[in-house]
Amino acid sequence: MNASRMPALFLGHGSPMNVLEDNQYTQAWRQLGDTLPRPRAILAVSAHWYTRGTAVTAMDKPRTIHDFGGFPQALFDTQYPAPGSPELAARVQALLAPVPVIADRSEWGLDHGSWGVLIKMYPQADIPVVQLSVDGTQPAEYHYRLGQKLAALRDEGVMIVASGNVVHNLRMVKWDGGGEPYPWAVSFNQFVRDNLSYRGDAHPLVDFMRHEGAALSNPTPDHYLPLLYVLGSWNGTEAIGVPVEGIEMGSLSMLSVQVG
């Protein structure tokens, strides 16, 4: 294995308020930034760029997108002015061929699923970031296969940082923050944890909807699918770890996964 191979991360991002807060999750993200090898660039895969078709940001200066509402003004005032990388965007297009990947030079940027975690890892915003969209028209297997194709980037100094939540049911959230996690949330979260290093065909985390708790844990798959890009990039022998985990407000899993 390439000794300089970059790790791949899936970070459970949770509430946008994590940008302003200091807690066990943000501290874990900060520690990752402090201790992992420094990448020359980052490919971000966020649950919040959920599209028809696949796209990649290809502008020199991606804007900071505040894609949320009802939060303190300080959150909207926060910027993450990381440079883009048209060169990395072109490399992503080449790796994913023949899948057509749109080079987005004006519409998107970095949404809070990506900059909300990167601002803790790399607060100086001095590492180029390119964001890949999640094609909501495609099955889970498609996203896993794209992760396999993108694995080559890890040997080229590029860190893959995907973000979502493996349990994400806002309709069932306990907004007062109290009470125990729902049993189905605990069960599905453990199912994910138990199968991270699965070897073989028919990966259970690709066929995740077969789990009895999947429908409640993921009423829509947008926050789960980014995990599959990271699992797809695994070479089958690297260490897989969980830097931090927890279930907030009953139905939001903050599980983070590190490959390599």
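## A tour from the pockets to the strands

Start with the largest pocket: its lining divides into ten nonpolar, eleven polar and four charged residues. Here Ala, Val, Leu, Ile, Met, Phe, Trp, Tyr, Cys and Pro count as nonpolar, Asp, Glu, Lys and Arg as charged, and the others, Gly among them, as polar.

Before you click further: this is a predicted model, so local features need pLDDT of at least 70 and side-chain atom pairs count only at pLDDT 80 or more, while totals for chains, interfaces and linings use all residues. Residues are numbered from 1 along each chain as its sequence is written, and side-chain values use heavy atoms, with hydrogens and water left out.

**Stop 1: the largest pocket.** Select Gly14, Ser15, Pro16, Met249 and Leu252, which lie nearest the pocket's centre among its 25 lining residues. The volume comes to about 460 Å³. A pocket here is an open set of points on a 1 Å grid over the protein atoms alone, where a 1.4 Å probe fits, with protein on both sides within 12 Å along at least five of seven lines; lining residues have an atom within 4 Å of a point. Grid points are joined across faces, edges and corners, and the volume is the space filled by probe spheres set on them.

**Stop 2: Leu170.** Leu170 is in the loop between β8 and α6; helices (H or I, at least four residues) and strands (E, at least two) are DSSP runs, numbered from the N terminus. At 44% relative accessibility, Leu170 is partly exposed, a class that sits between buried (under 20% relative accessible area) and exposed (over 50%), using a 1.4 Å probe and protein chains only.

Stop 3: Pick Tyr144, Arg145, Gln148, Gly200 and His203, the closest to its centre of the 16 lining residues. Two elements, α5 (140-150) and α8 (226-232), each give two or more residues to this lining, and α5 gives the most, with four. By class, you'll find six nonpolar, five polar and five charged residues.

**Stop 4: strand β2.** Select residues 41-51; nine of the eleven are buried. Which strands pair with it? β8 (residues 158-164) runs parallel to β2 and is joined by six bridges, and β7 also runs parallel to β2, again with six bridges. Strands pair if DSSP finds at least two bridges between them. For landmarks, show Leu43 opposite Ile160 in β8 and Ile42 opposite Val129 in β7.

Stop 5: Most residues other than glycine have a negative phi, and most peptide bonds are trans. Ala125, in the loop between α4 (112-121) and β7 (129-135), has phi near 55° and is buried at 7% relative accessible area. Ala202 has a positive phi too, about 50°. Look for Ala202 in the loop between α6 (183-194) and α7 (214-217); this alanine is exposed, at 71%. Finish on the cis peptide bond from Ala97 to Pro98, with omega near 10°. Pro98 is in the loop between α3 (86-96) and β5 (101-104).
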